[in-house]
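Open your viewer, get ready to select residues by number, and follow along stop by stop.

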Amino acid sequence: MSFSYAEKHTPFVLSPESLDQHLAAAWYRMGSSIFTTHFLFFNGRPYSAIWIRLDLRSFTFSKSQRKLLRRNGQLFSTRVGPRVIDAEREALYEAYADDFDGRLSATISDSLEDYGEESVFNTHEVTVRDRVSKELVATSYFDIGDNSAASILGIYRPLLKQFSLGYYTMLLEIESCLERGLRYYYPGYVVPGYRRFDYKLRLGNSQYFDIRTSAWLPYAGNTDESIGPTERQLSALSGVVALLKEHSVERRVLTYPLFEADLYDAWNDDYLPYPYFVFLGADPSGNPVVLVFDPKSDSYQILHCAHMVQPQLLFNAGYLSNFAEDDFYAQLLSVKSLLYRAGAVGEVVDVILHGLGRDSSD
């Protein structure tokens, strides 16, 4: 599987071993599809998606986790089994969605794109019921591969937040994975600078997917600036802009909100995939030349791009009109060619100041 910053496909078949391979490459389920992304865009700015996992071979429940399992175990009965989507679960989902601060699909079936037919995913569920009333108070869904599992969706009754039921069902998923002898548990991604997803880090010592090496490395002790691909791009390009200013050349780092076009249009595979770039100029036809920083190769790249007028209709025009031209570039771009690549900031600044000088051999 080749590396991609943002990609999605819908498999007709997916073996347990194939799910493991996708998860290990930082791909994840979205509805009936499987996708990857390393950059996110919300609240008017880009963020990094840092995919994490737990190595269950070295996992043990912490003292506080064991306490929560014991306490909730006295109040609630639990069950793990093949996924069920029915009226009872949909009613719980509706109550959860009404209290949720954000966007959700209308139903569980819509969220999982699972309408009772045979699925390529081996999905199981955890159910939590009040021991006295037998009322369903929480449920979660997770996909099982050959040696790994991925947590997909968790819902709970909002009036029972004090029991940490969303976190509780994840602990029960992990418990089930341990009983099955699985090696890895994938809770999804965390987002530096956006704390909503930080609860996943409470599960235990995590590994994160490092796009530079395509390896899973210990998360603890790393800073957002060193591992976040979005943060690294902004830092690297801001350094170029600062050096250019010393030479009386004014440039700006622009935010490019259409970097995930590959997720929406499967027919083109050359969309510009970066959330930040520096506009350097345009060719006689008006097509831009831009500077990007590629966080996979740790290199600066000068790219000749082209405007994609027709595919841009995939995006809501009213949405794109919200982006001020001074700070954003909201025209869909594809990459025509790589003009230059440099590993050092001084080299790329020299090229910008004095011209390409020679064609890149890449």
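Start by selecting Ile85, which counts as partly exposed because its relative accessibility is 24% (buried means under 20% relative accessible area, exposed over 50%, and partly exposed in between, with a 1.4 Å probe and protein chains only). Ile85 sits in the loop between β7 (76-82) and α3 (87-99). Helices (H or I, at least four residues) and strands (E, at least two) are DSSP runs, numbered from the N terminus.

A word on what you are viewing: this is a predicted model, in which local features need pLDDT of at least 70, side-chain atom pairs count only at pLDDT 80 or more, and totals for chains, interfaces and linings use all residues. Residues are numbered from 1 along each chain as its sequence is written, and side-chain values use heavy atoms, with hydrogens and water left out.

Now show what surrounds Ile85. Leaving aside neighbours within four places in sequence, Ile85 is in contact (heavy atoms within 4.5 Å) with Glu90, Ile108, Ser109, Leu112, Asp114 and Tyr141.

Next, select Asp86 and Arg89. Their side chains meet in a salt bridge (2.9 Å, N to O); the term means a side-chain nitrogen of Lys or Arg within 4 Å of a carboxyl oxygen of Asp or Glu. Asp86 is partly exposed at 28% relative accessibility, whereas Arg89 is buried at 6%.

How many salt bridges does the structure hold? There are 13. For another, go to Arg195 and Asp198, where the closest N and O atoms are 3.8 Å apart; Arg195 is exposed at 70% and Asp198 partly exposed at 24%. Then try Asp210 and Arg212, with 3.3 Å between the closest N and O atoms. Here Asp210 is buried at 4%, and Arg212 is partly exposed at 31%.

Move to Asp20, in helix α1 (residues 16-24). Asp20 is buried yet has no salt bridge, and the nearest side chain of opposite charge, Arg53, is 9.1 Å away. Beyond neighbours within four places in sequence, Asp20 is in contact with Gly145, Asp146, Asn147 and Ser148.

Finally, zoom out. The protein has nine helices and 18 strands, and 50% of its 362 residues count as buried.

Conventions: Lys and Arg count as positive and Asp and Glu as negative; His and the chain ends are not counted.
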